[in-house]
Every structure is written in C-alpha cells, then in structure tokens.
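User: I am new to this structure and would like to go through a few of its details. Could we begin with the side chains?

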Amino acid sequence: MEIRPVPYDHPDAAKLDAAVQAEYDIRYGDGGDATPMDPADFRPPNGIYLIAYDELGVPVASGGWRVQDANGEGNRDGDAELKRMYVIEQMRGRGLARRILAALEEDARAAGRVRMVLETGTKQPEAIALYVSSGYEPCEKFGYYRFHEESRCYAKTLR
C-alpha cells in the first residue's frame, strides 16, 4: 500500500468521494453528506487529503483534514477536522483506515493543530469503533449536522 497526498479535486479523490457519498445515502437515505467543502480546504498548510493505492495503483482508501477555528458551528481555535475517511468495501478490515488516520493526525500535529475533531453518525458503527479505539472521545457537537439526532462528534488532543 502506498499512501500519498493528492488534491481534493483529483480524479481519484472524486471517485472515492462519490463512493462514500453513495454509502452515506444508503445508510441515511439523504443523498450523502451536504457539508460544504472546497478543494482549497485540503491544501497544505491548512489541511491535506490522502489516498491509499494498492499494488496495482488502484485508489482504495481516503481521508483528509482541514483547519477549523472558532466559528458559529461549534469549532474551537486549533481544531483540525477529519473528513471523508473511506475504505472501499473489498479492502476493509486490513488496517487502512487506521493507517490513514495516524498519518492525518501526524500531519495536523506538525501543522500546529491542537485537536482533531470529526463528525460521524449512528449508522456508522464501524467508524465509531475505529475512532474510539484510536483515542477519540465524544465531544460537543459541531459542524453542519450538529442539530441532527443521528450525528455523533468526537475529538482527540493532538499535543
């Protein structure tokens, strides 16, 4: 497996983003994540977007972080928001999400971010299990879905 940074609007990123959106729609029936995102959000030093490629160069997993500071959506100064963590179905259970998560945490820490935050949902129990087992704890709700009953937010101190 090779994990490398790519622009969020790279064709491989768009392919994986479409796949995760389709999965969100199946799980929640809402057409996918409507959180506003801009490719510039994931440009260093304000974020990064990573893709894992298999030995044939096929994109199989992704994830990114973007700067979030105190705002009207519940973020705090120093936050790095985790977005678009995804592993294609046939590659799940191999530790890819954990590897991408660790790389994103290290990058955000190196960029001076203080806390990694994420929003997931009750219909993603495997995501919740990954984050809890990686040291994330429930935190105050933030972001686009902060008022949704199924929304769950987690945070981990990076320093």
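User: Which side chain makes a polar contact with that of D79?

Analyst: In this predicted model, the side chain of N75 does so, at 3.4 Å.

User: Where is N75 found?

Analyst: N75 lies in the loop between β3 (59–68) and β4 (79–87).

User: And is N75 buried or exposed?

Analyst: N75 is buried, as its relative accessible area is 7%.

User: Which residues does N75 touch, leaving aside those up to four places away in sequence?

Analyst: N75 touches Q68, D69, A70, V117 and F142.

User: A change of topic: how many disulfides are there?

Analyst: The count is 0 disulfides. C139, for instance, is in no disulfide, and the nearest cysteine sulfur, that of C153, is 5.3 Å away.

User: What is the relative accessible area of C139, and is the residue buried or exposed?

Analyst: C139 has a relative accessible area of 18% and is buried. The cut-off for buried is under 20%, which means that a value of 18% qualifies.

User: And C153, buried or exposed?

Analyst: C153 also counts as buried, with 4% relative accessibility.

Notes. Residues numbered from 1 in each chain as written. Predicted model: local features only at pLDDT ≥ 70, side-chain atom pairs only at ≥ 80, totals over all residues. Heavy atoms only, no water. Disulfide = S-S within 2.5 Å. Buried < 20%, exposed > 50% of the residue type's maximum accessible area, 1.4 Å probe, protein only. Helix = DSSP H or I, 4+ residues; strand = E, 2+ residues; numbered from the N terminus. Polar contact = N/O pair within 3.5 Å; in protein donor to acceptor, adjacent residues only side chain to side chain. Contact = heavy atoms within 4.5 Å.
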